[in-house]
Amino acid sequence: MYKDTWKKKPFASIGDLLVVTVKLVLPFRKIKKGDVRLALLIRQRKPILRYNGLVLFMKKEAVLLLQKNKNLYGNRIKGPIPLELRHKKYMKIISLAPSVV
């Protein structure tokens, strides 16, 4: 057993699937407060270091809620999407995004 294994916390990066709980919902939606759903992480504040030396920062974290068959719940994506999602084969999300950075 390693010395500091109890201090390590799990983390996620862009393109990872997460299991999340819905905290805030607008009225008259299919998704209810407290539902447990799959989500795809599309933006994070942690800097992304690319191979060409570019460092990419985002202002806020953002996730997309997914159905069980990994289709999107909505049909719009607001804000830029990082190019790393293309490498993880999320082409439908890339096509819906207004810009890819």
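The legends below describe close-up views of a predicted model. Local features need pLDDT of at least 70 and side-chain atom pairs count only at pLDDT 80 or more, while totals for chains, interfaces and linings use all residues. Residues are numbered from 1 along each chain as its sequence is written, and side-chain values use heavy atoms, with hydrogens and water left out.

**View 1. Salt bridge between Lys88 and Asp16.** The closest N and O atoms of this pair are 3.4 Å apart; a salt bridge is a side-chain nitrogen of Lys or Arg within 4 Å of a carboxyl oxygen of Asp or Glu. Lys88 lies in the loop between helix 1 (84-87) and helix 2 (91-96) and Asp16 in the segment before strand 1 (17-21), so the pair ties together parts 72 residues apart in sequence. Helices (H or I, at least four residues) and strands (E, at least two) are DSSP runs, numbered from the N terminus. Lys88 is partly exposed at 36% relative accessibility (buried is under 20% relative accessible area, exposed over 50%, partly exposed in between; 1.4 Å probe, protein chains only). Asp16, at 23%, is also partly exposed.

**View 2. Salt bridge between Glu61 and Arg45.** Here the closest N and O atoms are 3.4 Å apart. Glu61 lies in the loop between strand 4 and strand 5 and Arg45 in the loop between strand 2 (36-43) and strand 3 (48-49), so parts 16 residues apart in sequence are tied together. Glu61 is partly exposed, with 46% relative accessibility.

**View 3. Salt bridge between Asp35 and Arg37.** The closest N and O atoms are 3.0 Å apart. Asp35 is partly exposed at 22% relative accessibility, and Arg37 is partly exposed at 22%.
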